[in-house]
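Please read the following report alongside the sequence and the coordinates. It moves from overall confidence to the contacts between chains and then to selected local features.

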Amino acid sequence: MSSIIKKEYDIPANDFSLAGEASSNVRKLLTQLGVNPTVIKRTSIAMYEAELNVVIHGNGGKARVEIFEDKIEILVYDEGPGIEDIELAMKEGYSTAPDFIREMGFGAGMGLSNIKKNSDRFVLESEPNKGTRVYITIYLY
Amino acid sequence: MTNYFHSVTLEEDKCRGCTNCIKHCPTEAIRVRNGKATIIKERCIDCGECIRVCPYHAKKAVTDPISELSKYPVKVALPAPSLYGQFGQDISRERILKGLLELGFDWVFEVAKAAEIVSDATRRIIGAGNVKKPVISSACPAVVRLVQVRFPNLINNLLKIESPMEVAARIAKQTITERENIPAEEIGIFFISPCAAKVTSVKAPYEKKESFVNGVLSMKDIHIKILEKIKSIPWDFDGDLVSSGAYGVGWAGSGGECSALETPRTLAVHGIHNVINIFEEIVEDRLKNVDFVEALSCTEGCLGGPLTVVNPFVASTNLKWQVNRAKERDFSGENTAADYQDLLWTKDMEYKPILKLDDNMMKAMIKMQKLEEINDGLPGLDCGACGSPSCRALAEDIVRGLAFETDCIFKLREKVSDLADHMKAFEHIYRQKTED
């Protein structure tokens, strides 16, 4: 089945002030659709974290959002350095963010687990030096 | 009372149909149709931004006239703390309160005192721990309404304690009935308000069935009258009228409510558009290490209310003098809320999904698809000439059946130019035929 609404957003590299723009847009969209507020919250948290990863680690990338009759599918991807050890990266508290980013209050190592916690389906694909793709599915009901 | 009472209203003959108000409204609640602004009642949160930006003064806040006082044998004034910022440093709080008495009030009861009680209750609630953090202040009714229509996920973060105005009104009524043996119906409680949102919260409360306040007077209407009375009150007058310390007085400005909580884990934001930005951070779990958020709709907090007289930044300096002087007397032992249970809201707040395109989600999705399509065809200038605040808002109005694509002057120009081309083509054919 094809999606009813399809949106694409650019995610800029290294600009924290713009991280969250895409998730904020999606939140407005879902509000206008009358989606349950809890689902909206989960979607925007998961998407914001994925966006932030692309800003901090991925050197910029894109987010593709598709809304179906019963679910939201989000793909956030970059062509950045990729993740060496996915299992380790998924661990709460593990982070490769440099000190200056931690000092700004980001990079606490909770991002990926936070995405997983808030989505119904979560797939992470990554290859060193090629990039990372995060697939998020959240059901509307 | 209708479902949607609003203090903010339009004076139609003054409205010139410009785009100032539609562009500044934080909930996109205004449209210009047929040359006049109209307020979408369901969306308006009474923040008063439009009152501030209208160059023709066509937007106003409906308040009660001072003549309302005569309806009650006993008249009580509840001055909002922001009133103190409306006078220069040489005018003491005692004189301002005495000025109110000389205007015909029998009692004055400082809302600042009630603010200290609310702060004490807030400290206890946050200390007790079983609340959703960050707790968001409910002191500003425009902000509470904003949460109700735009941030359903934050409804549970709201501090469900009555506002200082309500607490003050309740205490005033109780004290006077008990002490003076006067029946409650004979007591008229009048709040002296810096804003429209407070009027709405009295006439159509969201947190309970009925307000304890009987009337709301505009600070604008009463300011000069107080000044006149103050002239004949000695500068060092002390009638034992004050009942609030520095914290309560400080509530008038941005950061005042936060500092009364005596913890650094607070955040103060003012200006409705800044409030929206912070709320977005909270919704996305981005705001860390903050237990309490003071969010005020107006710049500089209540001192910047649309019904105040003095420039908000000047008022902020004025207030500092009042706060400093208030430090000399401490009322913290009296203004407590050990038993805050009866200050809690008695009505639950429901989310008002005013932004959704359709009650049926599938239909909403199809409308959204159409909306995106229309939006892609619009120029993206957000000029407002169509009467909607942005191109996207026009696209939304079109799918809702409230506007037409040709309301966009650029679309209209395209249409007219197409039409002209068609006519030229017809003319050409016609000429050829006649020449044949």
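**Confidence and overall form**

The predicted model scores ipTM 0.85 and pTM 0.91. Chain A averages a pLDDT of 89, and 100% of its residues score at least 70, while chain B averages a pLDDT of 94, with 99% of its residues scoring at least 70. Where pLDDT is low, the predicted coordinates should not be read in detail.

Chain B contains 15 helices and 11 strands, and its C-alpha trace spans about 105 × 50 × 40 Å along the principal axes. Of the 436 residues of chain B, 48% count as buried. Among the contacts in chain B with a separation of 6 or more, 75% are between residues 24 or more positions apart.

**Where the two chains meet**

Between the chains, 18 residues of chain A are in contact with 21 residues of chain B. On the chain B side, helix 11 (272–283) and helix 13 (361–377) each supply at least two residues, and helix 13 of chain B gives the most, with seven residues. By class, the side of chain B that touches chain A has 11 nonpolar, two polar and eight charged residues.

One part of this meeting is a pair of helices, in which helix 1 of chain A (residues 21–33) packs against helix 13 of chain B at an angle of about 130°, with the axes 8 Å apart. That angle makes helix 1 of chain A oblique to helix 13 of chain B. Leu29(A), Gln32(A) and Leu33(A) come from the chain A helix, and they meet Met361(B), Ala364(B), Met365(B) and Met368(B) of helix 13 of chain B. The residues of this contact divide into six nonpolar, one polar and no charged.

**Domains of chain B**

Chain B is divided into domain 1 (8–61), domain 2 (66–343) and domain 3 (366–435). The C-alpha centres of domain 1 and domain 3 of chain B lie 26 Å apart, and the contact between these two domains takes eight residues from domain 1 and five residues from domain 3. On the domain 1 side, helix 1 (20–24) and strand 2 (30–33) of chain B are the elements that give two or more residues, with strand 2 of chain B giving the most, three residues. That side of domain 1 has three nonpolar, one polar and four charged residues.

**His6(B) and its surroundings**

His6(B) lies in the segment before strand 1 (8–10) of chain B. With 20 other C-beta atoms within 10 Å, His6(B) is buried. Leaving aside residues up to four places away in sequence, His6(B) touches Lys41(B), Cys44(B), Asp46(B) and Thr200(B). His6(B) and Val199(B) are 193 residues apart in sequence, yet their C-alpha atoms are 8.1 Å apart in space.

**An enclosed helix**

Helix 3 of chain B (residues 93–102) is largely enclosed by the rest of the structure, because seven of its 10 residues are buried. The buried residues are Arg93(B), Arg95(B), Ile96(B), Leu97(B), Lys98(B), Gly99(B) and Leu100(B). What covers them includes strand 5 (74–79), strand 6 (107–108), helix 8 (219–230) and helix 12 (312–326) of chain B. Just after helix 3 of chain B, Gly104(B) takes a positive phi of about 120°.

Helix 3 and helix 8 of chain B pack at an angle of about 100°, with their axes 8 Å apart, and the two helices are therefore roughly perpendicular to each other. Helix 3 of chain B contributes Arg95(B), Ile96(B), Gly99(B), Leu100(B) and Glu102(B) to the contact, and helix 8 of chain B contributes Ile226(B), Lys229(B) and Ile230(B). These residues divide into four nonpolar, one polar and three charged.

| Helix pair | Angle | Axis separation |
|---|---|---|
| Helix 1 of chain A and helix 13 of chain B | about 130° | 8 Å |
| Helix 3 of chain B and helix 8 of chain B | about 100° | 8 Å |

Conventions. Residues numbered from 1 in each chain as written. Chains lettered and ligands numbered in written order. Predicted model: local features only at pLDDT ≥ 70, side-chain atom pairs only at ≥ 80, totals over all residues. pLDDT = per-residue confidence, 0-100. Contact = placed C-beta atoms within 7 Å. Helix = DSSP H or I, 4+ residues; strand = E, 2+ residues; numbered from the N terminus. Nonpolar A, V, L, I, M, F, W, Y, C, P; charged D, E, K, R; others polar. Axes fitted to C-alpha atoms, helices over the stretch in contact; angles between N-to-C directions. Parallel < 35°, antiparallel > 145°, perpendicular 65-115°, else oblique. Domains from an automatic or database assignment. Buried ≥ 20, exposed ≤ 12 C-beta atoms within 10 Å, placed from the backbone.
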